[in-house]
Amino acid sequence: MGQLCGRCQQLLRDFVASVQRMCTSLVCRIKECLTLISKCCCLKQNSSKPRQLYKPILQPHERVTAEEFLQHIETGCVASPFGTESLEALRTLAFSENPGLQQSAALYYLHMSQHMNVPLPAEHLEAFYALLRSADLEVQQVSSLSLVNFLLEENIDKELVVQMGLLEPILDLLESEDPAVQCNSCACTMTLAGTESNREAIGAARGVTPLLSLASSYDPRVQQNAVGAILNLTQSEKIQQVLCKEGALPVLALLLESPDPEVQYYSCAALSNVAANAQHHEAMLRPGNRSLLRTLISLLSSSVNKLSSQACVCLRNLASSADIQSEMVAEDVLPKLCSLLASSSKDVHHASIALLWILSQHPHNQDTLACAELLQSLGMLLSAHKTDPVIVGHTACIINNLSLSKNRQRIIESPCVEGLLQTLLSTDIQEDSLHYVTFCLAELAKQEGATLCMVQWMDEPLTNCLVRLAGWLEHPELCFQAASIIYHMMGHEKMMLLLKQHIEEIQAYLTNFLIHPEIRFQQLGISTFCRLREDPEFSLAFRNSQMAKLLEQVRQQTEETQELLKAAVCHEDNI
């Protein structure tokens, strides 16, 4: 492009100067016009003071109330901080149009909520309503903060707050532009959402939408309280539907990657609650949204125990189908779970072992899970936590699930068998967990390789424990499995030597088995009797007991049963 000649450059300079003169002239004319208008008598007031657009008037009764309330505070409101006199004065101050008086009432409530652990009478909620509705920002900040304090200290009934109509102004404050007000109103909502009726009230009042919006706030306090409120709301299946409809799932999934561990935990716990309802699984794991699984699995490596534990819970709730379980295993979840089993946290142990139990139920996963690393971790966990029913019960179930023929040798070579046997000696173990342990050992004992391993660890205390459990008829499953374990180990000399110390107890439980109404007990009793009879000491003991008589009774009953069956079958054939 060419350069302007000197003539054209001069023309442009003249044009600019002309525009500047015109602008200056226009500004001067505007100033002159405004000056003339301001001097006109139509705008002049009788008073020489400039008129304010609005100035709250301090009414005479408000002035008297304020003075009396101040005197009341100075002379002894400590004895009755929320008495009748205080109530009337605070109500007058709260409903005043004067922001200064409202601030006084709000500050009084804040002081009481922070320094005096006393219940707030229901009558004062009317004043709180007026303060929360105030147009003054400071009043909103202070009154909402004091209400949070009262709620957190449980000095006010949560459901009463909603019944008295305070939910509406609290939810309105969620849309404030002030972070402090947002933070306090979110905290109020989070605390109020602790009851089922309040959760439904919040959902009905359309409180979900502003909370989801504030969950993306750049203010960490606001974000924490907003996500905490959403977490409490997810405890209601009805509100879960509302949350999913309002688009909560992608918001919560994104918050799993927040730099704030507290926000991560709240969002993960909220997703866990939603995942507990299988009808939401399709929306949570629809094609293209598999990143949720990968994110949750990555959280298993978190250094924050409650976060890694909660990620386990969420994955466990999502693992409702074989396909999802297989996908979790394919995403290398196993090494992370092995690390969690070595954690020092009890909650982490419980959450991770429960997830492993779910994954071990799918046959396609069992070969992968039955690795030396996991079996070593399970054995060590059993040895360290013999009296923990959650760990013992789940571990026994996992080992039983993994004890396929091709995996059994790995289990035998691991510390799992010893760990299971040692848990039998724990007197504090609960019946359910003990049942899982004996069932697992009984299944393993059916294989000779496992039986050899079990006999290797048997000693007098373990033998005494198994014999005692076999006589525990009050718990039929438990005593049957214990007797089954004894039966399968009888073929080994070491076990026979140990059993000879308990001939009387063994005769006692065999007697009970022979007269038991269930055929399986009778059959196990007879099989055990036949094996033990081969030993001279047991044979002599049996001859001196009523065992022969009982066996004859069983034989007669069996023959009678066979005759009846033959008659029944012949009758059916003739029909």
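Which helices do the buried residues of H26 pack against? The legends below take up this question and a few others, view by view.

This is a predicted model, in which local features need pLDDT of at least 70 and side-chain atom pairs count only at pLDDT 80 or more, while totals for chains, interfaces and linings use all residues. Residues are numbered from 1 along each chain as its sequence is written, and side-chain values use heavy atoms, with hydrogens and water left out.

**View 1. The whole protein has 35 helices and 0 strands.** Helices (H or I, at least four residues) and strands (E, at least two) are DSSP runs, numbered from the N terminus. Of the 575 residues, 47% count as buried. Here, buried means under 20% relative accessible area, exposed means over 50%, and partly exposed lies in between (1.4 Å probe, protein chains only). The protein exposes about 29,800 Å², and carbon and sulfur atoms supply 53% of that area. These areas come from the Shrake-Rupley method with a 1.4 Å probe; for residues, only the protein chains shown count as cover. Among contacts (heavy atoms within 4.5 Å) with a separation of 6 or more, 70% join residues 24 or more positions apart.

**View 2. Helix H26 (residues 416-423) is largely enclosed by the rest of the structure, because 6 of its 8 residues are buried.** Those buried residues are Cys416, Val417, Gly419, Leu420, Leu421 and Thr423. To return to the opening question, they pack against helices H23 (372-384), H24 (389-402), H25 (408-413), H27 (431-445), H28 (448-457) and H29 (460-470).

**View 3. Helix H18 (residues 305-318) is largely enclosed too, since 11 of its 14 residues are buried.** From its first C-alpha to its last, H18 reaches 20 Å, close to the 20 Å expected at 1.5 Å a residue. That expected span is 1.5 Å times one less than the number of residues. Among the buried residues are Leu307, Gln310, Val313, Cys314 and Leu318. What covers the buried residues of H18 includes helices H15 (261-275), H16 (281-284), H17 (291-299), H19 (322-330), H20 (333-341) and H21 (346-360).

View 4. A disulfide is a covalent bond between the sulfur atoms of two cysteines. It is counted as a pair of cysteine sulfur atoms within 2.5 Å, and by this rule there are 0 disulfides. Cysteine 314 is buried, with a relative accessible area of 0%. Cysteine 453 is buried at 8%.

**View 5. Leucine 524 sits in helix H33 (residues 519-532).** Its relative accessibility is 10%, so leucine 524 counts as buried. Leaving out residues up to four places away in sequence, leucine 524 touches Phe480, Ala483, Ser484, Tyr487 and Phe513. The C-alpha atoms of leucine 524 and serine 484 are separated by 7.3 Å, although the two residues are 40 apart along the chain.

**View 6. Glutamine 182 lies in helix H9 (residues 179-192).** With a relative accessible area of 13%, glutamine 182 is buried. Its side chain reaches the backbone oxygen of serine 176 at 2.6 Å. Apart from neighbours within four places in sequence, glutamine 182 is in contact with Leu173, Leu174, Ser176, Glu177, Leu214 and Val222.

Definitions and conventions: Polar contact = N/O pair within 3.5 Å; in protein donor to acceptor, adjacent residues only side chain to side chain.
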